[in-house]
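Open the model in your viewer and keep the selection tool ready.

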Amino acid sequence: FEEALINHKTKLEEEKARINLLLNTINKTLRHTQGEITMNNDEKFEGLKDKLIEKNDAQYGTELLEKYGQETVNASYQKMRKMSKWDFNEAKRIEKKILDLLSIAIKEKTQDYAQEIAALHQQWIKMYWTEYSPQAHIGLVKMYLEDVRFKTYYDRAGIGATEYLVTAVIHYLIK
């Protein structure tokens, strides 16, 4: 019983630290927009990462906690917070390239891009995950088919893009 309380307390303290960091960033951003202070580009970049984490947590937090647990989710968010500008921009570039290639593949009705898309998706996932396994990656992409939010996100590239991505990743990782 005592161990459970200690673990619960530790998790709450981690959550409190995360929330305090978000509140500080928001307060600083508000002061900046009101002209009270000037934020440099690095501070703005840190605020951007925190906003993205907050948005992701609001959209997917419950599922992430159920599937991966608080420790894994926090570790992933910490990894994102530690990203350099170059890493962050590279992740965004890869994400865009995946969608662009999916769009071409769907329009051309070709499997020619499947390996490249799957390799890019793996590279992109590794930028956010602290531990990577092909099995977890396959589990993630299979979930894309069941979750309307992910399906909508990838199907922006064309109807059937989510299925294309899932099939490509599974074949790529099983080989």
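**Stop one: His121**

Select His121, which sits in helix H5. Helices here are DSSP runs of H or I with at least four residues, numbered from the N terminus. This is a predicted model: local features need pLDDT of at least 70, side-chain atom pairs count only at pLDDT 80 or more, and totals for chains, interfaces and linings use all residues. Residues are numbered from 1 along each chain as its sequence is written, and side-chain values use heavy atoms, with hydrogens and water left out.

His121 counts as buried because its relative accessibility is 0% (buried means under 20% relative accessible area, with a 1.4 Å probe and protein chains only). Show its contacts, meaning heavy atoms within 4.5 Å. Beyond four places in sequence, they include His137, Val141 and Tyr144.

**Stop two: H5 against H6**

Select residues 114-128 for H5 and 134-146 for H6. Their axes lie 12 Å apart at an angle of about 105°. Axes are lines fitted to C-alpha atoms over the stretch in contact, and angles run from 0 to 180 degrees between N-to-C directions. The two helices are therefore roughly perpendicular (65 to 115 degrees).

Now colour the contact: His121, Gln122, Trp124 and Ile125 from H5 meet His137, Leu140, Val141 and Tyr144 from H6.

**Stop three: the core**

Which residues touch the most other members of the largest nonpolar core? Select Ile98, Leu102, Trp124, Tyr128, Tyr144 and Tyr154, out of 40 residues. Such a core joins buried Ala, Val, Leu, Ile, Met, Phe, Trp, Tyr and Cys residues through side-chain atoms within 4.5 Å. H4 gives the largest share, nine residues.

Methods:
Parallel < 35°, antiparallel > 145°, perpendicular 65-115°, else oblique. Buried < 20%, exposed > 50% of the residue type's maximum accessible area, 1.4 Å probe, protein only.
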